[in-house]
Amino acid sequence: MGKFIIRETATGIKFDLKAGNGEVIATSEVYNSEDACRKGIASVRKNAPVAAVEDQTVEGYAEQKHPKFEVYADKKGEFRFRLKATNGQIIATGEGYKAKASCLNGIESVKKNAPDAEIVKE
């Protein structure tokens with residue numbers, strides 16, 4: 001089962017969503033309070049399971065409504081995703097993947113793990 005790990009950084013508080021195997025599958029922006037961070041987690045829990053996938057690496061891709069996962073290629077040519085809430089705000093991002101299939105697997109892992117993941121503060 002997945003876990004949301006809340007931790008302090010030099011500039012604020014953020015969360016990582018870890019899969020059952022301990023791998024980080026998504027991370028948040030830096031929040032200015034633990035309360036705001038917990039609201040971000042609640043938003044990921046609510047939006048991830050119902051979010052459509054918008055593959056921006058395909059020419060003429062179909063734009064999806066929010067909430068959605070956006071799949072895109074970064075400057076290094078790696079595939080990444082970001083989860084946007086109903087209001088269009090980015091609430092979680094994934095790491096860079098060499099293969100698009102791996103990126104899509106990361107999205108599926110977020111969808112599967114986020115709803116029931118426990119919250120742990122480090």
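Predicted model: local features only at pLDDT ≥ 70, side-chain atom pairs only at ≥ 80, totals over all residues.
# Notebook: a walk through the fold

**Entry 1: a starting point.** I began with Phe81, which counts as buried at 0% relative accessibility.

**Entry 2: aromatic rings.** I searched the whole structure for aromatic pairs, and the search gave three. One of them is Phe15 with Tyr31, a stacked pair with 6.5 Å from centre to centre and 20 degrees between the planes. I checked where these residues sit: Phe15 is in strand β2 (residues 13–18), while Tyr31 is in the loop between β3 (24–27) and α1 (34–47). They are 16 residues apart, and the pair links distant parts of the chain. Phe15 is buried at 0% relative accessible area, and Tyr31 is buried at 10%.

Next I returned to Phe69 and Phe81. Their ring centres are 5.8 Å apart and their planes meet at 75 degrees, so I noted the pair as edge-to-face. Because Phe69 belongs to strand β5 and Phe81 to strand β6, the pair ties together parts that are twelve residues apart in sequence. I also noted a cluster, in which ring pairs join Phe4, Phe15 and Tyr31.

**Entry 3: the nonpolar core.** Which residues have the most contacts inside the largest nonpolar core? I found Phe4, Phe15, Leu17, Val44, Phe69, Leu83 and Val110, in a core of 28 residues. I then listed the elements that give two or more residues to this core: β1 (3–8), β2, β3, α1, β5, β6, β7 (90–93) and α2. Setting aside neighbours within four places in sequence, Val44 is in contact with Phe4, Phe15, Pro49, Leu83, Ile91, Ala92 and Ala114.

**Entry 4: salt bridges.** My count here was eleven salt bridges. I looked up several of them.

- Lys100 and Asp55 meet through their side chains, 2.8 Å from N to O. Lys100 is partly exposed, at 25% relative accessible area.
- Lys84 and Glu70 form a salt bridge at 3.4 Å, N to O. Lys84 lies in strand β6 (residues 79–84) and Glu70 in strand β5 (residues 68–73), so the pair ties together parts 14 residues apart in sequence. Lys84 counts as buried at 17%, and Glu70 is buried at 4%.
- Asp74 forms a salt bridge with Arg80, with 2.8 Å between the closest N and O atoms. Arg80 comes out at 23% and counts as partly exposed.

I then saw that some bridges join up: Glu54, Lys68, Glu70, Arg82 and Lys84 are linked in a network.

**Entry 5: helix α2.** I went along α2, which has 14 residues. From its first C-alpha to its last, α2 reaches 20 Å, close to the 20 Å expected at 1.5 Å a residue. Its buried residues are Cys103, Gly106, Ile107, Ser109, Val110, Lys111 and Asn113. A reminder to myself: an α-helix has 3.6 residues a turn, so residues three or four places apart point the same way. I also asked what covers the buried residues of α2. The cover includes β2, β3, β4, β5 and β6.

Entry 6: I found a cis peptide bond between His66 and Pro67, with omega at about 0 degrees. Pro67 is in the loop between β4 and β5.

Last, I looked at Lys18, which lies in strand β2 and is partly exposed at 26% relative accessibility. Not counting residues up to four places away in sequence, Lys18 touches Gly2, Lys3, Ile5, Glu23, Val24 and Ile25. I also checked Lys18 against Ile119, which is 101 residues away along the chain. Their C-alpha atoms are separated by 10 Å.

Technical notes
Residues numbered from 1 in each chain as written. Heavy atoms only, no water. Salt bridge = Lys/Arg side-chain N within 4 Å of Asp/Glu carboxyl O. Buried < 20%, exposed > 50% of the residue type's maximum accessible area, 1.4 Å probe, protein only. Helix = DSSP H or I, 4+ residues; strand = E, 2+ residues; numbered from the N terminus. Phe/Tyr/Trp six-rings, centres within 6.5 Å; stacked < 30°, edge-to-face > 60°. Expected span 1.5 Å × (residues − 1). Contact = heavy atoms within 4.5 Å. Core = buried A, V, L, I, M, F, W, Y, C linked by side-chain atoms within 4.5 Å.
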